Amino acid sequence: MTLIFGVFLLILLVIVALAIVRSEDLFAAVMLSGIFSLLMAVNFFLLDAADVALTEAAVGAGVATVLFLGALALTGKEEARHTVSPGGRWLALGVSFATASLLFYASLENPHIGDGSAPVHQHVAPWYLANTLPLIDIPNVVTAVLGSFRGFDTLGEVFVVFTAGIGVMSILGVRHSLVELSGAELDARQRSLRHHLIPRIVGRGMVPLIMLFALYVQFHGEYSPGGGFQAGAIAAAAIILYSLLEGDDRGRELLPEWLLRLMVAGGALLYGGVGLACVLLGGNFLDYSVLATVPSAGQHLGLLLIELGVGITVTGVLISVFHAFARRASR
Amino acid sequence: MASVIDMISFALLAAGGFCVFVGGVGVLRLPDLYTRMHAASITDTAGPLLVLAGLALQAGWSLALFKLAVILVFLAVTAPTAAYALGNAALVSGYRPAVVSDESGATDSEGEGHA
Amino acid sequence: MIFYPVLFALIATMALALARALLGPSLYDRVLAVNMFGTKTVLFLAVTAFMLGRPDFLDLALAYAAINFIGVLAVLQFFQSREIRQRYERQGR
């Protein structure tokens with residue numbers, strides 16, 4: 001039965017994807033991509049991938065729409081018209097068709113969903129499942145794989161996020177000052193949603209609750225779905241909500257630029273620093289067992305620290321990107 | 001005993017599903033944005049209330065019950081806020097309600113539709 | 001199973017909201033459809049969490065319930081700042 005729901009939702013997903021590609025109205029495309037993200041989260045959830053679904057939820061629900069709209073404020077509303085020669089069109093169609101045929105052909109060989117004899121269930125997965133409790137001593141296998149068994153990959157991911165943040169900041173300009181605006185206009189723009197009473201009061205109540213939820217996701221990630229990436233996105237959503245309601249200037253007073261830059265770099269450094277500390281204490285890079293006298297306690301400490309590093313970097317990058325867009329839009 | 005709770009839970013869930021579905025039909029069929037918002041906002045309050053109440057009976061006294069209550073409070077608080085923001089955005093941008101223009105009850109075309 | 005009717009209703013409503021998002025016609029209709037889709041997703045996730053026997057996974061629905069409305073507030077701010085900009089451009093001319 002779950003399979004039927006999953007297939008139906010996947011069909012909706014294909015429809016949304018086609019509509020996004022076909023739509024020339026960029027605002028409509030942004031809204032449809034919101035639906036796309038919701039559908040993806042439900043599909044991940046139906047496939048039992050709660051951690052991934054939570055990431056999709058945290059990024060797609062709050063942050064992505066806000067960032068897309070920030071980008072849209074800098075560009076036009078309509079997609080630029082491309083004139084493609086007929087030959088180019090046939091070439092593109094041919095390439096797409098050939099790729100799709102190859103993918104279909106490859107998918108014929110795929111094992112069924114949940115097939116126990118599939119290669120992925122024969123290789124390392126049983127080892128992870130069998131050794132998470134004895135070696136790491138936490139119930140959430142995903143966190144164990146992500147943070148400890150494959151900690152090096154996650155370090156790479158954190159630096160990908162870090163690099164992306166630096167890229168956006170260097171393109172949109174960190175040090176742009178506000179261009180001279182007439183006093184009333186500047187006032188009207190900076191006031192933002194401050195004069196909307198209902199969102200402001202509701203937001204005041206919600207910001208601390210969202211922050212609390214982010215902390216729960218951060219520090220409970222070893223026992224339930226969650227971890228640094230999800231918590232970072234949720235915390236960033238809380239700060240972005242505050243900045244939307246109270247104005248970008250007050251958002252920057254709350255978390256000034258130097259602090260954000262410290263967060264972006266500091267989180268990644270914390271992760272790498274934990275790895276170096278492991279080396280200095282005589283273990284391998286990111287082998288947390290040496291951090292405490294009991295190996296599993298060391299693993300707990302290491303996971304806590306690296307997840308914290310991930311969360312800090314993700315929060316810092318997302319808020320910095322948001323501010324970069326908002327500041328550019330208000331020029 | 002358990003079956004009675006299951007039956008009440010089933011009734012609540014089914015009623016919630018009905019509410020939600022009616023809202024979906026309303027959003028698709030009603031003539032302009034403001035009437036559609038009317039359909040969406042009422043059922044977005046009643047639907048979650050019934051569905052989450054049905055789930056709460058299934059949860060019993062547990063952490064899940066607390067989480068359901070928090071979800072309900074969040075939805076009950078944020079849905080009207082979102083509706084306010086949307087209605088305000090539409091009104092500020094000059095989107096006017098569709099009005100009945102003759103006896104046949106036909107409406108003019110979808111507000112101004114600009115912006 | 002007691003969860004099937006509500007799940008079918010939710011999925012059907014998701015399809016209806018999606019139809020509204022695709023049809024438009026105005027931008028606000030699309031925003032309304034996305035917001036409604038979000039609420040239905042919260043409910044769908046909550047019900048499936050119970051159906052799959054994993055009430056722990058309610059965190060997911062909780063995340064959506066908490067932060068889904070931020071997008072609509074961003075839409076309000078987007079239109080508002082565009083209105084202000086257009087008004088000043090008209091005055092400037």
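What follows is a conversation about reading some features of this predicted model.

Reader: Let's start with helices. How many residues does α1 of chain A have, and how far does it reach?

Author: A helix can be checked against a simple expectation of its span, 1.5 Å times one less than its number of residues. Here, helix α1 of chain A covers residues 2–22, which makes 21 residues. From its first C-alpha to its last it reaches 30 Å, close to the 30 Å expected.

Reader: Okay. Which residues of α1(A) are buried?

Author: We call a residue buried when its relative accessible area is under 20%, and exposed when that area is over 50%. In α1(A) the buried ones are F5(A), G6(A), L9(A), L12(A), L13(A), V16(A) and A19(A). Looking down the axis of α1(A), you'd find these buried residues within an arc of 140°, so they line one face of the helix.

Reader: And which residues are exposed on the other side of α1(A)?

Author: There you'll find L3(A), I4(A), L18(A), V21(A) and R22(A), which are exposed.

Reader: What do the buried residues of α1(A) pack against?

Author: Partners come from two chains here. The buried residues pack against α2 (26–46) of chain A, together with α1 (4–23) and α2 (27–51) of chain C.

Reader: Next up, salt bridges. How many does the structure hold?

Author: The idea is a side-chain nitrogen of Lys or Arg within 4 Å of a carboxyl oxygen of Asp or Glu. Over all chains, the structure holds eight salt bridges. Take R150(A) and D153(A): their side chains meet in one, at 3.5 Å from N to O. R150(A) has 40% relative accessibility, so it counts as partly exposed. D153(A) is partly exposed too, with a relative accessible area of 42%.

Reader: Which residue does R250(A) form a salt bridge with?

Author: With E246(A), and the closest N and O atoms are 3.0 Å apart. E246(A) counts as buried at 5% relative accessibility, whereas R250(A) is partly exposed at 30%.

Reader: Where is the salt bridge of K67(B) and D59(C): which helices hold the two residues?

Author: Those side chains meet at 2.8 Å, N to O. The pair crosses between chains, from helix α3 (residues 63–92) of chain B, which holds K67(B), to helix α3 (residues 58–67) of chain C, which holds D59(C). Both K67(B) and D59(C) are buried. One more thing on salt bridges: those that share partners join R200(A), E246(A) and R250(A) into one network.

Reader: What about aromatic rings? How many aromatic pairs are there?

Author: Two rings pair when their centres lie within 6.5 Å. That gives 14 aromatic pairs over all chains. In one of them, the rings of F27(A) and F79(C) have centres 5.4 Å apart and planes at 50°, so that pair is tilted. F27(A) lies in helix α2 of chain A and F79(C) in helix α4 (residues 70–92) of chain C, so the pair joins two chains. Both F27(A) and F79(C) are buried.

Reader: Is the pair of Y128(A) and F149(A) stacked or tilted?

Author: Planes under 30 degrees apart count as stacked. The planes of Y128(A) and F149(A) are at 20°, with ring centres 5.1 Å apart, so the pair is stacked. Y128(A) lies in helix α6 and F149(A) in helix α7, both of chain A, so the pair ties together parts 21 residues apart in sequence. Y128(A) is buried at 12% relative accessible area, while F149(A) is partly exposed at 22%.

Reader: Which residues form an aromatic cluster with F5(A)?

Author: Y4(C), F8(C) and F44(C) do.

Reader: Last topic: what does UniProt list for residues 11–75 of chain A?

Author: An unreviewed entry there gives "domain: MrpA C-terminal/MbhD". In the model, that span is 89% helix and 0% strand, with its end C-alpha atoms 31 Å apart. UniProt also has "domain: MrpA C-terminal/MbhE" for residues 118–172 of chain A, again from an unreviewed entry. That span is 85% helix and 0% strand, and its end C-alpha atoms lie 46 Å apart.

Methods:
Residues numbered from 1 in each chain as written. Chains lettered and ligands numbered in written order. Predicted model: local features only at pLDDT ≥ 70, side-chain atom pairs only at ≥ 80, totals over all residues. Heavy atoms only, no water. Helix = DSSP H or I, 4+ residues; strand = E, 2+ residues; numbered from the N terminus. Buried < 20%, exposed > 50% of the residue type's maximum accessible area, 1.4 Å probe, protein only. Arc of directions from axis to C-beta. Contact = heavy atoms within 4.5 Å. UniProt positions renumbered as here; feature names shortened; annotations may be inferred. Phe/Tyr/Trp six-rings, centres within 6.5 Å; stacked < 30°, edge-to-face > 60°.
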